Amino acid sequence: MNGPQGKLDVPEAVSAIARKLQDRGYDTWAVGGAIRDALLGESRGDWDLATAAPPDAVRKLFRPSYPVGIQFGTVAVRGIDGQVYEVTTFRRDIETDGRHAVVEYAETLDEDLARRDFTINAIAYDPLEHKYHDPFSGWQDLQSKVLRCVGTPATRFAEDYLRVLRGLRFAGRFGLEIEPSTWKALTDAVGNLPRLSGERVREEIVKVMAAAAPSAGLALYRDSGALAVLLPELSRLGASGWEMLLATIDRLPGHRQHLRQVALLAPVGPAVEETMKRLRFSNAELRDVQALSGALEVPLPDADARAGRRWLREVGPERARDTLRLHFAGERASGERQAERIRLAAVARQLLGVLRRREPVTLADLAIDGNDLKELGLRPGPEFGRILDLCLDAVIDDPEMNEHERLIEYARNRIER
């Protein structure tokens, strides 16, 4: 099978950087995921360059530039378009512990490509001559929809165990079959995943969840054993529960990543805090998952305005739309219950109508507040909360009650003397 053909649409800023380096005699190529994605017809903003120029030479040639991984030979260069591009000196690994590598600079592009993880990521492109260099037949594997390690698979994974998760992500995202020897080495290396930092694992999971259909990558997590190692709480789900979870996630739009995250982690249950902290999710992400998981446990109301207001009070109006999106995704994933989807649509219309009309559903919506209760002679304390809750109950039952004088009178009559 012939190698890749055709001219890639490389940003002019990338070509300008390559031209300046090549004019100084430094062999320079565009490398990495940008080449792979471009060959697959996908656009990508983060173009990287590999060069024979040492980091000091790169920094002298470009102003401004910043060392972002100088121990690995990487310099960030600001292009003529204002974007930042990473320029890395050709390198080869000389030592690794499965998490961190010690590298030294190499003389040739082939040495640099030989240290990469998978053949589909080891294709280089000259943005000036518009030619490819594909020593490991990555293009053929892309065409055949195969994921294959560069060189010896066990060696590749032992160099960095994150490659196990990268391999699962690439295979899921691009619909690739993992070549048998690569799959065996990958599954053999799964037991070493706990050696990775929580941050690196979280980043990979987030990237899987950003795919058009995350279920493909997540299914490979389970099949390979990675799920049992990294998210044992989910690996306990039965086959039907797991398939329902995957279908639900796929039906949530990609631009609502936080909802996909909730759908993935809600089944963890009470252990979700420990799980998310282990994977170094932020406190804000944890709060979002906990709040929406709790909202999902509140039974949906009937298609009745009063019941809807009570549901909104318990769930919180700020979480209502996301909770409904999660319910709709679950119903679509079930595939058969048309009557339930019709009912859910009616409930959603009722709830959204309450929100649109700004009917009172929280204490902040009340026409009175604590200052009014003080004027009635109440001191701050438990009685404050009791009276305000009673007022909210009243206006949820009858929104027309939400007038200052009516609520003052209502509160006065319920103060314990």
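User: Where is R166 found in this predicted model, and why is it called partly exposed?

Analyst: In this predicted model, R166 is found in helix α7, which covers residues 162-174. Its relative accessible area is 24%, and because buried means under 20% and exposed means over 50%, with partly exposed in between, R166 counts as partly exposed.

User: Which residues does R166 touch, and what makes them contacts?

Analyst: Leaving out residues up to four places away in sequence, R166 touches D117, F118, N121 and E204. They are called contacts because heavy atoms lie within 4.5 Å.

User: Which aromatic cluster does F118 belong to?

Analyst: F118 forms one aromatic cluster together with F157, F170 and F174.

User: Why is the aromatic pair of Y125 and Y132 called tilted?

Analyst: The count of aromatic pairs comes to four. In the pair formed by Y125 and Y132, the distance is 4.8 Å centre to centre and the angle between the planes is 55°. Centres within 6.5 Å make a pair, and planes under 30 degrees apart would be stacked while those over 60 would be edge-to-face, so the rest are tilted, and that is the class in which Y125 and Y132 fall.

User: Are Y125 and Y132 buried or exposed, and how do you know?

Analyst: Y125 has 0% relative accessibility and Y132 has 17%. Because the cut-off for buried is under 20%, Y125 counts as buried, and Y132 counts as buried too.

User: What makes you say that the charged end of R414 sits over the ring of Y410?

Analyst: The charged end of R414 is 3.5 Å from the centre of the ring of Y410. The distance cut-off is 6 Å, and the charge must also be within 35 degrees of the ring normal, so the distance is one part of the test and the direction is another. The charged end of K20 likewise sits over the ring of F62, at 5.1 Å from its centre.

User: Why is R358 called exposed?

Analyst: R358 has 75% relative accessibility, and because exposed means over 50%, R358 counts as exposed. R358 is placed in the loop between α19 and α20 (370-375), and although it is not a glycine, its phi is positive, at about 55°.

User: How do you know that the peptide bond from R63 to P64 is cis?

Analyst: The omega of the bond from R63 to P64 is near 0°, and the bond is cis. P64 is found in the loop between α3 (55-61) and β3 (65-69).

User: Why is E331 called buried, and which residues does it touch?

Analyst: E331 has a relative accessible area of 11%, and because buried means under 20%, E331 counts as buried. E331 is found in helix α18, residues 317-334, and, not counting residues up to four places away in sequence, it touches R337, E340, R341 and L344.

User: What lines the second largest pocket, and which classes do its lining residues belong to?

Analyst: The second largest pocket holds about 370 Å³ of space. It is lined by 17 residues, and the closest to its centre are M244, T248, L296, L326 and G330. At least two lining residues come from each of α13 (239-250), α18 and α19 (338-356). By class, the lining has ten nonpolar, four polar and three charged residues.

User: Is F281 buried or exposed, and how do you know?

Analyst: F281 has a relative accessible area of 10%, and because that value is under the 20% cut-off, F281 counts as buried. F281 is found in the loop between α15 (272-278) and α16 (283-296), and among the residues it touches are R202 and V206.

How values were computed:
Residues numbered from 1 in each chain as written. Predicted model: local features only at pLDDT ≥ 70, side-chain atom pairs only at ≥ 80, totals over all residues. Heavy atoms only, no water. Phe/Tyr/Trp six-rings, centres within 6.5 Å; stacked < 30°, edge-to-face > 60°. Buried < 20%, exposed > 50% of the residue type's maximum accessible area, 1.4 Å probe, protein only. Helix = DSSP H or I, 4+ residues; strand = E, 2+ residues; numbered from the N terminus. 1 Å grid on protein atoms, 1.4 Å probe; cavity = no way out; pocket = protein on both sides within 12 Å on 5 of 7 lines; lining within 4 Å. Points joined across faces, edges and corners; volume = space filled by probe spheres on them. Nonpolar A, V, L, I, M, F, W, Y, C, P; charged D, E, K, R; others polar.
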